[in-house]
Amino acid sequence: MRYLIIGAVAAGTKAASKIRREDGTSEITVLTSDSDISYAGCGLPYYIGDVIKERGELVVRKPEDFKMEQDINVLTGWEALRIDPVAKKVLAKELKTGEEREFIYDRLILATGASPFVPPIEGVNLDNVFTLRRVTDADRIKRQANSGIKNAVIVGGGFIGLEVGENLAKRGVGVTVIEMMDTILPGFDKEIALTVQNYLKEKGIDILTGEAVQAFKGDGRVNEVITSKRTLPCDIAILSIGVRPNTRLAVEAGIELGPTKAIAVNEQMETNIKDIYAVGDCAENVNLITGQRVWYPMGSTANKTGRIAGINLADGEWSFNGVLGTTIVKLFDMTAAKTGLSEADARKNGFDVVTVLVPSEDRAHYIPGYRMITTKLIVDRKNRRVLGGQIVGEGVVDKPIDILATAITFGAKADDLVNLDLAYAPPVSTAMASTIVAGEVAVNKLDGKLKGISPVELHENLDKYYVVDVRIEPEFIISSIPGSVNVPFGMLRKKADELPRDKEIVLVCKIGKRAYMAYRILSQMGFENIRILDGGISSYPFETV
Amino acid sequence: MEERYINAKGLQCPGPIMKLFQEIKTMATGEKVKIEASDFGFSKDVEAWCKKTGNKLLSLEQSDNVITAIVEKA
């Protein structure tokens, strides 16, 4: 049996290794046009930031290692030109010599990955306008960072762009992020994205949203970026607008693409052509919640699909039923993560949702070093199933997002979160873990015990509501929602008569606890038109006074 | 005049700022108070509160996850 794999980053090398573990004797060949293999693409920003000093720490394995340890032939600098699925052969060219050669296969895996999207903007080909995908890209950017550049412009506020921005900022470079949409972090709901945005601004990164890059200017080398609103000095620009699946080879061979324009595969990762599989960033996924075809090019999924194709190709059996789109990003000390559907996704898909926004400590509050994290849950009102979650904060976020990802995978309802038996000791967690508390608030909302209002909704309709801040006066003085009235919780019963009955009241405190108690008191006093601000003022990412 | 001291460690919102507020009320102009808190949000709170109330924030430090502020009453 001859296995041929095109692509040698995460999915390709994973597939090759898995095939070898399943099948000790077959011939396995991997072709890549790249000079580096098996590297951690997601680690590149940290290499630029000098967190990873030497490239050898990032690119650990070489073709010789694959040959020696696993008897896998990895050919670097070989570009696959054409697949002939009938004769079962791939024509490839060695880039250095121009030599062309045919590689015969019995089974073929496409792990052709994705490429950064380069918009057709004036000056995009100037020196020092980069994309970041390969290690060689990172080498070039790192060389610039080492040379003492002053101003970097990041085009696109996605993960890679922000991570590069953070790493350059930590090296003393002035960083401006330009994002065409209203907020950075595509895929995250607005209030979460804005929280990160505000934090990055505090850390000295300029973030310009709702702004488009129109041209790069410079004499050979970029020195200015012109946007729809201004001109910025620029020694280096990083284009991180997104990636597109590399599908040319597949399309020319008659392999079908799916609705996302990535390669369509079944649960075994096989394409429409027998004996040809597709894995990693070039292949489509299925969203576990909606059942729709989606394209989430993630390193975690690439490794998994590579392995699964490896098993199936070597005559094993494994099915991959889909992904939630779980992602996480850490910028300075803040982490933002999401899993499942966002509120916006859920509404777009026709779900009637209840959302909660719940700040909570990540560890016991009497252990110095604890930090707040905010959990957003998106729950289906009809069947109480958790559709998605987003968590943001300077505390531990990866653990609760993985709890949520696991719970959602197994179809948990909000009620199930409340009963979870989670590990607790003061230095590492809280007696009532953040996931549990968020579940409780969701259950209360589903049961009609309280009505909330999201920060986005309040901000957009501020003049419609009578906003009552129930915190104590010194807290109110520090920052409060414009136009809000301070009635400290302790005075609420006495002052309730002064509150209007003809206008909807929104109760505000720091995290939502006191506002909930105030809500219960006012409800019992006969107030019907009341809501509490989800997540309190600590999760309100808009202007305060 | 001796500097006053508030241990607000372990307290969460609104604990630390409330303690500071109450202590300052009993102090004379020019008197100083040192407050330690483990609520990480206290750092921003005390800064903003001093700015708005005119009390003087003499120092604000963070070490070993404890925030220490020295405030002089205006």
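**Exercise 1. The nonpolar cores**

Which residues have the most contacts inside the largest nonpolar core?

Solution. The model is a predicted one, in which local features need pLDDT of at least 70 and side-chain atom pairs count only at pLDDT 80 or more, whereas totals for chains, interfaces and linings use all residues. Residues are numbered from 1 along each chain as its sequence is written, while chains are lettered from A and ligands numbered from 1 in the order in which they are written. A nonpolar core is a set of buried Ala, Val, Leu, Ile, Met, Phe, Trp, Tyr and Cys residues joined through C-beta atoms within 7 Å; a residue is buried if 20 or more other C-beta atoms lie within 10 Å of its own, exposed if 12 or fewer, and partly exposed in between, with C-beta atoms placed from the backbone. The largest such core holds 132 residues, and those with the most contacts inside it are A:Ile109, A:Leu110, A:Val196, A:Ala237, A:Ile238, A:Ala278 and A:Val279. Helix α10 of chain A (residues 398–409) contributes the largest share of this core, six residues. Another core, of 24 residues, lies apart from it and includes A:Ile481 and A:Tyr540.

**Exercise 2. An open sheet and its helix**

Determine the strand order of the five-stranded open sheet in chain A, and state which strands stand at its edges.

Solution. Strands (E, at least two residues) and helices (H or I, at least four) are DSSP runs numbered from the N terminus, and two strands pair if DSSP finds at least two bridges between them. In chain A the order is β3-β2-β1-β7-β18, with parallel pairing. β3 (73–76) and β18 (276–278) of chain A stand at the edges, each with a single partner strand, so one side of each is left without a neighbour in the sheet. As a step along this order, β2(A) (residues 27–32) is joined to β3(A) by four bridges, and A:Thr32 has A:Thr76 as its bridge partner in β3(A). Helix α1 of chain A (residues 11–22) lies across β1, β2 and β7 of chain A and runs at about 175 degrees to β2(A), where axes are lines fitted to C-alpha atoms, for helices over the stretch in contact, and angles run from 0 to 180 degrees between N-to-C directions.

**Exercise 3. Helix α8 of chain A**

Is α8(A) largely enclosed or largely open?

Solution. Eleven of the 15 residues of α8(A) are buried, so this helix is largely enclosed by the rest of the structure. Among the buried residues are A:Lys304, A:Arg307 and A:Asn312. The buried residues of α8(A) pack against β1, α1, β7, β18 and β19 of chain A. After the helix comes A:Asp315, with a positive phi near 70 degrees.

Notes. Contact = placed C-beta atoms within 7 Å.
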